[in-house]
Amino acid sequence: MTKIRVLDPDTVNQIAAGEVVERPASVVKELLENAIDAGSTSILIDVSSDMAGITRIRVTDNGEGMTPEEAALAFHPHATSKIRDIADLSAIRTLGFRGEALASIAAVAEVTLITRPREAGALAGTRVVVRGGEVVEKSEVGAPEGTTVVVERLFYNTPARRKFLKSRNTELAHLYGVVENLALAHGEVAFRVVHNGKERMATQRSGGLLNTIAGLHGADLARALVPVEGRLPFLRIGGYVSRPSESRGNPSQVVVTINGRSISSRQIAAAVREGYGTLLPKDRYPVAFLDLSIDTGLVDVNVHPTKREVRLSREREILPAVAAAVEEALAGHDLTRDVPAEPVQQQIVPQGPQPAPAPPVGEPEASYTAGHRELTLSDKQLRRTETEGGENLLPAMEPVGQVAATYIVAEGTDGTLYLVDQHAAHERVLYDQVVEQRDAGAGSQELIMPVVLSLPPKESAALRDAIPLLADGGFVVEEFGRDTFAVRAVPAALGAVEDPGAVRETIADFLGDESRTVPDRREAVTCIVACRGAVKAGALLTHDQQKRLLAQLARTKTPWTCPHGRPTVVAFDKRKLDGIFRRG
Ligand code: ADP
Ligand code: MG
């Protein structure tokens with residue numbers, strides 16, 4: 001009797017079909033899911049690579065193991081111990097259920113499996129070697145309890161798929177990302193990743209989610225988080241979200257797990273974002289690690305072959321509950337007080353007079369001080385982009401004031417009403433300058449003290465690849481230790497960066513979106529720098545500052561749109577206004 005059975009054709013037909021092995025990271029995902037399903041408490045991922053890419057993946061677990069019969073059967077398509085028929089899916093507790101992973105991996109690689117069942121007394125272990133889907137060897141071997149799977153020569157027989165693989169570092173980054181996500185979802189397991197003999201990542205067992213986060217992303221980030229809690233009769237919400245001071249330019253750091261699965265869901269990410277309301281600018285996203293336990297009957301896991309997406313019943317109750325839990329978590333903390341502590345590793349010598357320390361929040365000066373700081377900051381930002389001469393490409397206009405601290409209202413000499421988006425306008429100014437400096441090869445400003453970044457393995461692998469692109473954009477970055485980088489210079493357009501957090505965020509923004517091609521990514525560095533350095537929406541501007549911004553915008557080559565193609569200026573001429581008011 002084996003616990004593994006081949007699913008009947010009817011059941012197979014009802015299971016979401018599709019390719020699960022796209023890249024080395026998918027292999028690791030499937031092997032880790034199997035190890036977790038086998039009740040392991042400790043999993044080792046040992047990866048080897050050479051310049052050409054990842055050559056070998058070995059995953060060793062201390063789970064329940066397999067008997068000799070099971071070890072061979074496991075490679076059979078649709079062979080699984082996890083469900084009997086489709087009805088079992090409504091109460092599924094395991095990560096796997098398709099019975100396809102080992103078969104799919106073995107079809108495109110050389111796989112060696114060594115396993116010994118936990119409760120087998122004197123029974124020896126089993127070794128099975130499968131190549132291109134065929135079992136080429138099955139033998140008895142001595143082995144510890146648990147399972148080891150070695151995958152070599154991935155895609156050796158499918159050159160088309162091999163061709164789609166990206167650089168070694170990109171593939172490694174994906175692989176680390178997979179481990180990270182599963183480690184966040186499974187605190188009951190200790191994960192350890194070794195690459196070419198060096199340990200890259202390690203989590204402790206049952207150390208709690210916050211400890212896992214600190215282990216993966218550093219103590220600085222962990223300190224910037226607040227706990228989230230929420231409950232409905234069929235739902236428990238847990239996890240952590242960042243204080244508004246820690247944000248990103250894209251939603252890639254909103255990590256969601258549902259019943260132990262790492263899930264990508266725009267809707268849930270949007271609900272998390274919604275919980276921040278106006279605490280974050282419109283284009284910023286929080287860092288979040290959200291853990292949802294939902295009655296299994298309400299979660300349809302049979303949507304996508306790689307199970308990255310699930311369908312939720314009662315989503316209309318779940319999403320608002322998530323938003324409310326996040327809102328409550330943020331409301332329960334005095335966020336204004338939490339000036340991020342200066343991290344030990346990220347010291348930077350201030351380059352000018354220090355701003356006066358803010359008085360304790362709650363005193364009457366507080367809001368005045370905030371406004372004053374804004375004015376000073378905006379002034380610095382505008383001073384940086386001051387240029388001499390140049391042609392004016394906008395009609396002459398005089399600012400009248402500001403609406404919602406976001407739009408400048410201006411009047412043209414002919415009575416035209418102009419509305420100018422202050423952030424978009426300044427972004428355009430900066431963008432043009434950054435491009436000019438970039439193309440002149442003179443866009444860097446050296447930092448007196450380099451900003452040191454200690455990154456999780458996934459980001460450091462991505463950063464390693466991005467160093468030349470970032471250099472092109474004015475960042476001088478050097479790696480000087482395990483996953484540790486020194487930023488020695490930043491684009492001049494960012495100015496003397498007093499805040500190491502800004503450097504970290506700028507780079508995180510860039511790394512967070514890797515779906516782009518090289519010219520796009522080069523462009524992305526420029527855009528992020530422009531966006532970062534630009535006057536913010538919501539910043540108060542004096543009349544003089546408004547005037548300067550309009551003058552700077554007028555001297556750019558394409559003043560009417562921002563680098564993202566959105567309008568910077570809209571105009572209502574006198575005739576249009578008359579029309580609106582039916583002045584005939
Ligand atoms: P699935 O996980 O969907 O059942 P797989 O092809 O991934 O399908 O694995 C097939 C079967 O092999 C599993 O159902 C399980 O019984 C067994 N198996 C695979 N990996 C392990 C492991 N690491 N430890 C114990 N059993 C395993
Ligand atoms: Mg599986």
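Predicted model: local features only at pLDDT ≥ 70, side-chain atom pairs only at ≥ 80, totals over all residues.

Student: In which sense do S2 and S9 pair, parallel or antiparallel?

Tutor: S2 and S9 run in the parallel sense, over 6 bridges. Val 47 stands opposite His 195 in S9.

Student: What is the order of the strands in the open sheet of 8 strands?

Tutor: The order is S7-S6-S5-S8-S3-S2-S9-S10, with mixed pairing. One antiparallel pair in it is strand S5 (residues 110–116) with strand S6 (residues 125–131), over 6 bridges. There, Glu 110 has Arg 131 of S6 as its bridge partner.

Student: Why is one side of S7 and of S10 left without a neighbour in the sheet?

Tutor: Strand S7 (134–141) and strand S10 (198–202) stand at the edges with a single partner strand each, so one side of each has no neighbour in the sheet. On average, neighbouring strands of this sheet are turned by 15° against each other, direction ignored.

Student: Which helix lies across S2, S3, S9 and S10?

Tutor: Helix H6 (residues 168–185) does, running at about 170° to S9. Angles over 145 degrees count as roughly antiparallel, so a value of about 170° falls in that class.

Student: What makes S21 and S27 edge strands of the sheet of 4 strands?

Tutor: This open sheet has the order S21-S22-S23-S27 and antiparallel pairing. Strand S21 (397–403) and strand S27 (569–572) each have a single partner strand, so one side of each is left without a neighbour in the sheet. Its neighbouring strands are turned by 25° against each other on average, direction ignored.

Student: How many bridges join S22 to S23?

Tutor: Strand S22 (residues 407–412) and strand S23 (residues 417–421) run antiparallel and are joined by 5 bridges. Glu 411 stands opposite Leu 417 in S23. H12 packs on the sheet, touching S21, S22 and S23, and its direction makes about 70° with that of S23. H16 also packs on the sheet, touching S21, S22, S23 and S27, with its direction at about 125° to that of S21.

Student: Which residues make the contact?

Tutor: From H12 they are Gln 422, Ala 425, His 426, Arg 428 and Val 429, and from H16 Leu 549, Gln 552 and Leu 553. By class, the contact of H12 with H16 has 4 nonpolar, 3 polar and 1 charged residues.

Student: Into which domains is the protein divided?

Tutor: They are domain 1 (9–201), domain 2 (210–331) and domain 3 (365–571). The centres of domain 2 and domain 3 are separated by 29 Å, taken over C-alpha atoms, and 13 residues of domain 2 are in contact with 11 residues of domain 3.

Note on methods. Residues numbered from 1 in each chain as written. Chains lettered and ligands numbered in written order. Heavy atoms only, no water. Contact = heavy atoms within 4.5 Å. Helix = DSSP H or I, 4+ residues; strand = E, 2+ residues; numbered from the N terminus. Nonpolar A, V, L, I, M, F, W, Y, C, P; charged D, E, K, R; others polar. Pairing = 2+ DSSP bridges. Axes fitted to C-alpha atoms, helices over the stretch in contact; angles between N-to-C directions. Domains from an automatic or database assignment.
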